[in-house]
Amino acid sequence: MKPTRGREAATMKDKKEAKKPAENKVVGKRKAASRADKSDRKRAKNIASSTNKDPNKPKRPATAFFVFMEEFRTSYKQEHPKVKAISAVGKAGGEKWKSMSNAVSYSIIA
């Protein structure tokens, strides 16, 4: 409901002004300094979490695509010995992977 002219409009304006105190406004360099403090805290937090990692923790097993690519790279290099670009091998492997059916891809893994 929109206030009309008169007392209600005057009281609404007073309420809005009361909600915005001028002392709490952050202006200029102070704002940038507070952002820098936050980024420093994030960096410190990231460094602390990275030091807690266990170097002896076992790695996850390779996905089906990576197992397929290991075999595909050797066969592709035998068939195309002149191709030296890694991107060409990756693109060809990706195309072959997309064209394969699920039954074929599961038989490669097993």
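Predicted model: local features only at pLDDT ≥ 70, side-chain atom pairs only at ≥ 80, totals over all residues.
Me: OK, how many helices and strands are in the protein chain?
Reply: The protein chain has five helices and zero strands. Both are DSSP runs numbered from the N terminus: helices are H or I with at least four residues, strands are E with at least two.

Me: And how much of the chain is buried?
Reply: Buried residues are 9% of the 110 residues in the protein chain. Buried means under 20% relative accessible area, exposed means over 50%, and partly exposed is in between (1.4 Å probe, protein chains only).

Me: Which residues form the largest nonpolar core?
Reply: Seven residues do: Phe-68, Met-69, Phe-72, Tyr-76, Val-89, Ala-92 and Met-100. A nonpolar core here is a set of buried Ala, Val, Leu, Ile, Met, Phe, Trp, Tyr and Cys residues joined through side-chain atoms within 4.5 Å.

Me: Which element gives the largest share of this core?
Reply: H3, with four residues. The elements giving two or more residues to this core are H3 and H4.

Me: At what angle do H3 and H4 pack?
Reply: About 120°, with their axes 10 Å apart. The axes are lines fitted to C-alpha atoms, for helices over the stretch in contact, and angles run from 0 to 180 degrees between N-to-C directions. That makes H3 oblique to H4. For the cut-offs, under 35 degrees is roughly parallel, over 145 roughly antiparallel, 65 to 115 roughly perpendicular, and the rest oblique.

Me: Which residues of H3 and H4 meet there?
Reply: On the H3 side they include Phe-65, Phe-68 and Arg-73, and on the H4 side they include Gly-94, Lys-96 and Trp-97. Contact means heavy atoms within 4.5 Å.

Me: Tell me about Gly-94: buried or exposed?
Reply: Gly-94 is buried, at a relative accessible area of 19%.

Me: Why is the pair of Phe-65 and Phe-68 called tilted?
Reply: Because their planes are at 40°, with the ring centres 6.4 Å apart. Phe-65 and Phe-68 are three residues apart in helix H3 (residues 64-79), so about one helical turn separates them. Phe-65 is partly exposed at 30% relative accessible area, whereas Phe-68 is buried at 5%.

Me: What about the rings of Phe-65 and Trp-97?
Reply: That pair is edge-to-face, because the planes are at 75°, with centres 5.5 Å apart. Phe-65 is in helix H3 and Trp-97 in helix H4 (residues 86-99), so the pair ties together parts 32 residues apart in sequence. Trp-97 is partly exposed, at 25% relative accessibility.

Me: Which residues do the ring pairs link into a cluster?
Reply: The cluster is Phe-65, Phe-66, Phe-68, Phe-72, Tyr-76 and Trp-97.

Technical notes
Residues numbered from 1 in each chain as written. Heavy atoms only, no water. Phe/Tyr/Trp six-rings, centres within 6.5 Å; stacked < 30°, edge-to-face > 60°.
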